[in-house]
Amino acid sequence: MQLYCNSLTHYSRLATREVKIGDLLLGNFNPIRLQTMTTTDTMDTQATVEQSIRCIEAGAELVRITAPSKKEAENLRLIKEELHRRGYKTPLVADIHFTPNAAEIAARIVEKVRVNPGNYVDKKKFEQIDYTDAEYAEEIERITERFTPLVKICKEYGTAMRIGTNHGSLSDRIMSRYGDTPMGMVESAMEFLRIARYESYHNIVLSMKASNPQVMVQAYRLLIEQMDAEFGEIYPLHLGVTEAGDGEDGRVKSAAGIGTLLEDGIGDTVRVSLTEDPEFEIPVCRDLVKRYSLPSSGEFTKEGRVPTADTIPYSPFNYSRRESFAVDNIGGKQVPVVIADFSRIEKISPQHLNAIGYTYDEARDKWNISDAAADYIFTGHQLIDFALPGTLKVIVYPATWRLATDPLKYFPIYDTGGYLEAAPKSQSLNFVMIDCFSDDTAINDFTHIDRLANDKTVVFCVSSKNKHAMPAVRRMLIELMNRRILNPVILTCDSHWQTADEHLIHYATETGALLLDGFGDGICLGMSANSYQSASANTADQMNAAGRNYTSNLSVEQFINSTAFTILQATRTRISKTEYISCPSCGRTLFDLQETTAKIRSVTHHLKGVKIAIMGCIVNGPGEMADADFGYVGSGVGKITLYKGKEIVKRNVDSAIAVDELIGLLKENEAWVDPG
Ligand code: SF4
């Protein structure tokens, strides 16, 4: 194993123990299983059965159902019997928080129970407690006493278990010792895993979910390293990003986190938590996973094309941005830039810039610039014949650049050889494309890059035509670091997929995986000619199907620009909009999550950088809303409790006025600006 995976340079699935969940085998190179969770009231047998069937028909291989108390746990029997009667034998998973007695009932009925080690025994009071080692050991003893009966039941009944850590609901004990960290998440699960192993119970899956993909990725990597070091074997991993939200945001956030791990061969089952009906999660899971099982994925396993990396010059367990110098507004400490590809637009007009965040106000003869406005456009051979917004610059091919009259607006892009031979060059900024290990020749020849190294006008645009492009690009970035080559780097990524969701997942996986490791001073997303044509022909339908937030005249360029900014937001490398941490809802939910999220979004979407949590219940919501600035949490039927951080500020507000109260709270805390 290399740090946390088999290989950092070619696709290879991580070997894990095989786990049996009913008749379903998981881990040990079995197909990556798809799953979701019902949102109905568990006591409503009929509704839960109907929704489970919709999920199963959509392709769910496991269906999770909440069991908040003993009566819901008991009712799982009726749900299971009815599903069996109707011919559906898909394994069911009971979701448990706080209630060991419900878990002990459910473990006798369904094929798997999920426990949250943050709240299975501990009750969260948000207290900082300084434990001595002896006191800490006593706590572990207490957990052992409470958890062991469940382990024994699972062993007796052949029931599987997920030890599912959530970043937002770590116990006060773990928080006190490890803080709010990926290591704390790992230790939280390891405590429970050690107890299970002591009982020789191994039918276990683990998860390390967080709403922040950076934290989530680091926690899974650390968990693998820890299991390997302590046990010499890895238990199967259930991947997910919690409270990812809906639409484009939810898909991109999930793909950045889950996709980053899948790219390194990590993950045995996935759940995408969207604030949408659960059956809509399954196609997204499938899109995430199918990249690794297509016939062409033979290419993924091809070794030798990308040189191995025996050591790496960065930590995959802690975020640190790769050091680069600044060239113009790219690199150094500046936020990553976004480059929009306009090379397929025949005659660029001011209206085209609307798609990338610039709107021309004719009356005031002024450009309005949104927070998600691209920084550069690549136009290929085209010069622009109207006055551009001051902040927007243009990248063109060298022959066209030589015709441009404004050296502060236009910049050339070369291939490596072309740049070395070119004369003249821009005095301030030249883009140089670097193809990373796309052919079999000269994989260890970096002389061309050495010749460009540290030219203070050069920004690299890195890409790879390899089927498994991300590790190839990552390998090149490792090489740059090893050689102390500090030029800024633009991550360039083309998509050959067809549907909007496929494009979103592709872009977010390929670039998100690099951004989460601190690589990239900008991104440029493109589409192959075929994909572009197909997307242009049915943009509104296709893109709206994925984003659901777009207007009907959405263009391909708008879709790509929005995706680029959403990826940067998801990886927390450039914040351009409000962040919503909304739970997917479940049987505990006390209001219509989808409707409420849409309502809150409609009035707060302009609050750049503010993180708003929208959580369905007060039992789990406050714990799970992680690092949200404000929380809107269901606390009773028709009642909402509002939070500032972890602190309750308004209790049991009537839901009819709760959104207005939230706005009031934002205003009181200077987090509000008037729209427009
Ligand atoms: S926060 Fe949402 S998903 Fe989590 S238990 Fe509560 S209602 Fe269910």
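Guide: Let's start with a word we'll need: contact means heavy atoms within 4.5 Å. This is a predicted model, where local features need pLDDT of at least 70, side-chain atom pairs count only at pLDDT 80 or more, and totals for chains, interfaces and linings use all residues. Residues are numbered from 1 along each chain as its sequence is written, and side-chain values use heavy atoms, with hydrogens and water left out.

Visitor: What makes Glu279 count as buried?

Guide: Buried means under 20% relative accessible area, exposed over 50%, and partly exposed in between (1.4 Å probe, protein chains only). Glu279 has 14% relative accessibility, so it counts as buried.

Visitor: Which residues is Glu279 in contact with, leaving aside its neighbours within four places in sequence?

Guide: Those are Gln51, Arg54, Cys55 and Ala58. Glu279 itself sits in the loop between strand 10 (269-270) and helix 9 (281-290). Helices (H or I, at least four residues) and strands (E, at least two) are DSSP runs, numbered from the N terminus.

Visitor: Why do strand 21 and strand 25 stand at the edges of the sheet?

Guide: Five strands make an open sheet, ordered 21-22-23-24-25, with mixed pairing. Strand 21 (579-582) and strand 25 (647-654) each have a single partner strand, so one side of each lacks a neighbour in the sheet.

Visitor: How do you know that strand 23 pairs with strand 24?

Guide: Two strands pair if DSSP finds at least two bridges between them. Six bridges join strand 23 (residues 630-636) to strand 24 (residues 639-644), and they run antiparallel. For instance, Gly634 has Ile640 in strand 24 as its bridge partner.
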